[in-house]
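Trainee: I have a chain to go through. Can we take it element by element?

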Amino acid sequence: MKNNRNRQVILKSRPADIPQADNFEIIESDVPDLRDGQILVHNVYLSVEPAMRGWVSNVANYSEPVRIGEVMRSFAAGEVLQSTHPDFKLGDKVMGMFGWQEFAVVGPAAVTRKVREDGLPLSLSLGVTGLNGITAYFGLLDVGQPRPGDTVVVSTAAGAVGSAVGQINVYFDNTGGAISDTVLRHLAVGARVVICGTASVSSWDPWPHGPRAERHLLVKRARMQGFVIFDYAPRFEEALARLAQWVRDERLRYSEDVLEGIEHAPGAIAGLYRGENTGKRLVKIR
Ligand SMILES: NC(=O)c1ccc[n+]([C@@H]2O[C@H](COP(=O)([O-])OP(=O)(O)OC[C@H]3O[C@@H](n4cnc5c(N)ncnc54)[C@H](OP(=O)(O)O)[C@@H]3O)[C@@H](O)[C@H]2O)c1
């Protein structure tokens with residue numbers, strides 16, 4: 001797209017632990033022309049999530065690390081400005097892996113989905129009707145299997161996933177560490193422990209030592225199960241339809257923590273790990 005400059009947040013150096021603002025740099029470049037089958041997305045919201053620490057780490061993870069000099073990998077939501085792909089047209093609202101940048105030229109594989117929920121803000125596609133809400137939905141309902149009258153405990157209940165789960169028959173764990181050490185001592189018989197995240201553990205190399213959960217699980221005949229949301233991809237539509245309807249009916253409330261301006265993106269992950277956010281952390285760039 002001629003004459004349009006693109007501000008991009010690139011990875012400048014690899015963090016030893018939690019990514020800090022000075023691990024990133026904001027640069028400007030030209031928006032490239034589209035090749036056949038590509039779309040140009042004008043981002044509105046950039047996502048900020050704890051998993052980004054893993055995406056910039058050299059330690060083996062479930063995805064390749066972002067390379068130095070590359071645009072920071074992230075989910076984002078925006079509008080299609082140009083398209084040479086038959087499935088997308090000007091004005092379509094889309095959510096996908098568009099990176100921390102104003103404009104993204106991508107193929108259809110980068111698009112997670114078109115955002116079609118009537119009457120709901122675009123930002124929700126990165127939160128309660130995005131992977132966070134879907135994670136809460138399957139983690140709680142499928143893996144946690146709550147029953148009427150159960151007590152549900154959620155670590156990081158103020159966060160994006162946690163605030164979508166709700167209120168110790170089920171322990172929905174986003175942190176590991178000291179919080180889990182305490183909660184595991186209070187499991188009910190037959191409890192289900194959902195391992196969703198490990199935000200409190202700063203490094204898995206070397207493998208950290210800590211209190212042993214086995215005895216608590218044995219005595220309480222409890223079940224601990226890890227899950228990764230991508231395994232549920234074939235059922236995303238089901239979750240999305242229900243989450244969107246619950247939001248419209250005000251049965252599911254959500255909160256967002258919105259930083260204004262792309263210049264806030266570099267420091268946004270560190271802030272997340274300081275617990276600054278209540279709800280889904282986003283960077284609004286226009
Ligand atoms: N399994 C999956 O498929 C899947 C998918 C999505 C997300 N997740 C995981 O779900 C968890 C929540 O993700 P999110 O996007 O909703 O993030 P989030 O909860 O909005 O933000 C992370 C929160 O972690 C807490 N935290 C940071 N450092 C901590 C520490 N040392 N000890 C305890 N708590 C700490 C902070 O909450 P406080 O204010 O409470 O300190 C912070 O707000 C993450 O662990 C993420 O990796 C898993």
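Predicted model: local features only at pLDDT ≥ 70, side-chain atom pairs only at ≥ 80, totals over all residues.

Trainee: How many of the 14 residues of helix H2 are buried?
Mentor: Helix H2 covers residues 131-144. The buried set includes Leu131, Tyr137, Phe138 and Gly144.

Trainee: Is isoleucine 18 buried, exposed or partly exposed?
Mentor: Isoleucine 18 sits in the loop between strand E1 (5-11) and strand E2 (24-30). It has 17 other C-beta atoms within 10 Å. Buried needs 20 or more, and exposed needs 12 or fewer. Isoleucine 18 is therefore partly exposed.

Trainee: Which residues is isoleucine 18 in contact with, leaving aside neighbours within four places in sequence?
Mentor: Contact requires C-beta atoms within 7 Å. With those neighbours set aside, the partners are Arg53, Ile269, Ala270 and Tyr273.

Trainee: Which strands are the edge strands of the open sheet of 4 strands?
Mentor: The order is E8-E9-E10-E11, with parallel pairing. An edge strand here pairs on one side only. That gives E8 (152-154) and E11 (223-226).

Trainee: Which residue in E9 stands opposite valine 154?
Mentor: E8 and strand E9 (residues 170-173) run parallel, joined by 3 bridges. Opposite valine 154 stands phenylalanine 172.

Definitions and conventions: Residues numbered from 1 in each chain as written. Helix = DSSP H or I, 4+ residues; strand = E, 2+ residues; numbered from the N terminus. Contact = placed C-beta atoms within 7 Å. Pairing = 2+ DSSP bridges.
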